[in-house]
Amino acid sequence: MTGAATSGPTTTGAATSGTPRRRRRLILLGGGLALALVAGGGVAAYETGFFSGVGEPVAFGKTQETAAAVVDMPKGVRMPTGPKAAFVRAARLPDGTQIAKTTLTGAKSGFTGDVWVWVPKEYDEPRYAKSAFPVLISLPGGRGYPTNYWGTGPGLGLQKAVADGAKAGTSLPFILVMPVINADTKHHYDGSDIPGQPKMGTWMADDVPDFTKANFRTFTSRDGWAFMGSSSGGFGAFKHVLKYPDRFKAAIASGVDIVPDSPLWKGNRKAMDENNPEKLAEELIEAGGPDVYVNFQIGTKESGRDLVEKFMRQYGKGPVHTRLQVIQDGEHNGKSYVRGMREGSLEWISKVMLAPTPDPDVP
């Protein structure tokens, strides 16, 4: 059984977030992911043909060019701006949808890394050819480089959770954009522009959204843009929503750290504060908005719930709307977090985001 709490839970806690706990979480997440892939995803993936045709070219949006050529697009819909990326197949799912990969050199960050993308089957249906789709930028934990396990591990079930939710009417059919979050395998960068280091904050907040706008039909409003992530990726997810509330509206943050703790900051307090969710939430509350929505997820078999509930008590007010999805018997791994998304988090975030609109004149 799961539980969900809105802003202001009663549980207390005064622990602090620190590098030792982050490192333990990285190890746990990596181990949990490996176990999930072997026990629940690896063998099944091959049996269901997940990895057939890997490396073949992939194209999205087969219907949109024709639609755009004959009619004006509805207000609020942004057609792909180009240039088109060169996608290759990373996996094929049983419902016929595909996870594709491309390499992106960020125009603003200067960083080069891989990005995986999955689009729901509705995206290429003629009735949605004139509609934008909401985007969920999905960030991994662990090393977060050179791969993103949400894109390379379809057995974790993220794509199927979104597809099943869309079919059941409990989730929007999100486009999932899954970039790497770190610049190497040696350091974690807190999803931020740490002085003197690769600009991973700019990569995720600017370059990845710009890439998405270049290749897909997206909403012009922030109501069509959200993040999700686990562990260090969860930190990046909700930090970016608080830092750029004019661009992003919501986040699902799982097994998350609350404050920046990369050793690469080297005591640079000003730069850390500019990327500290506590400071950012405080500033947003003082400014009076815009409203943002953060859905935390915590398993009962992992640590950190006290820190999340403390954040919710202190900052879950005014324009900062928070919710906690408690995952019964959940551990610090992707399988548990996808279960939490199925049990409530996807439905919650879908209620505050814009939905694609089918054309009533197209069957």
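Is Asp329 buried, partly exposed or exposed? Asp329 is partly exposed, because its relative accessible area is 43% and partly exposed covers the range between buried, under 20%, and exposed, over 50% (1.4 Å probe, protein chains only).

The structure is a predicted model, in which local features need pLDDT of at least 70 and side-chain atom pairs count only at pLDDT 80 or more, while totals for chains, interfaces and linings use all residues. Residues are numbered from 1 along each chain as its sequence is written, and side-chain values use heavy atoms, with hydrogens and water left out.

The protein has 363 residues, and buried residues make up 58% of them. Its secondary structure comes to 10 helices and 13 strands; these are DSSP runs numbered from the N terminus, with helices (H or I) of at least four residues and strands (E) of at least two. Contact means heavy atoms within 4.5 Å. Among contacts between residues at least 6 apart in sequence, 76% join residues at least 24 apart.

In soluble globular proteins, nonpolar side chains tend to be buried together. A nonpolar core is a set of buried Ala, Val, Leu, Ile, Met, Phe, Trp, Tyr and Cys residues joined through side-chain atoms within 4.5 Å. The largest one here has 91 residues, and those touching the most other members are Val117, Phe174, Ile175, Trp203, Phe238, Leu242 and Phe296. Helix H5 (residues 200-215) gives the most to this core, with 6 residues. Leaving aside residues up to four places away in sequence, Trp203 touches several residues, including Leu104, Phe111, Val115, Pro179 and Val208. Another core, of 5 residues, lies apart from the largest one, and among its members are Met73, Met79, Ala132 and Phe219.

Two packed helices are described by the angle between their axes and the distance between the axes. Helix H6 (residues 232-243) and helix H8 (residues 277-287) pack at an angle of about 25 degrees, and their axes are 9 Å apart. H6 is therefore roughly parallel to H8, a term for angles under 35 degrees. On the H6 side the contact is made by Phe235, Phe238, Lys239, Leu242 and Lys243, and on the H8 side by Pro277, Leu280, Ala281 and Leu284.

Most residues other than glycine have a negative phi, and most peptide bonds are trans. Asp329, in the loop between strand S13 (320-327) and helix H10 (334-350), has a positive phi near 65 degrees. Ser231 also has a positive phi, of about 55 degrees, although it is not a glycine. Ser231 is found in the loop between strand S10 (225-230) and H6, and Ser231 is buried, with a relative accessible area of 0%.

A cis peptide bond joins Tyr145 and Pro146, with omega about 0 degrees. Pro146 lies in the loop between strand S7 (135-139) and helix H3 (149-152). A cis peptide bond also joins Gly289 and Pro290, where omega is about 10 degrees. Pro290 is found in the loop between H8 and strand S12 (292-299).

One more loop residue is Ser171, between helix H4 (158-168) and strand S8 (175-179). Ser171 counts as buried because its relative accessibility is 7%. Not counting residues up to four places away in sequence, Ser171 touches Val162, Gly165, Ala166, Leu346 and Ser350. The C-alpha atoms of Ser171 and Met341 are separated by 9.6 Å, although the two residues are 170 residues apart along the chain.

Key. Axes fitted to C-alpha atoms, helices over the stretch in contact; angles between N-to-C directions. Parallel < 35°, antiparallel > 145°, perpendicular 65-115°, else oblique.
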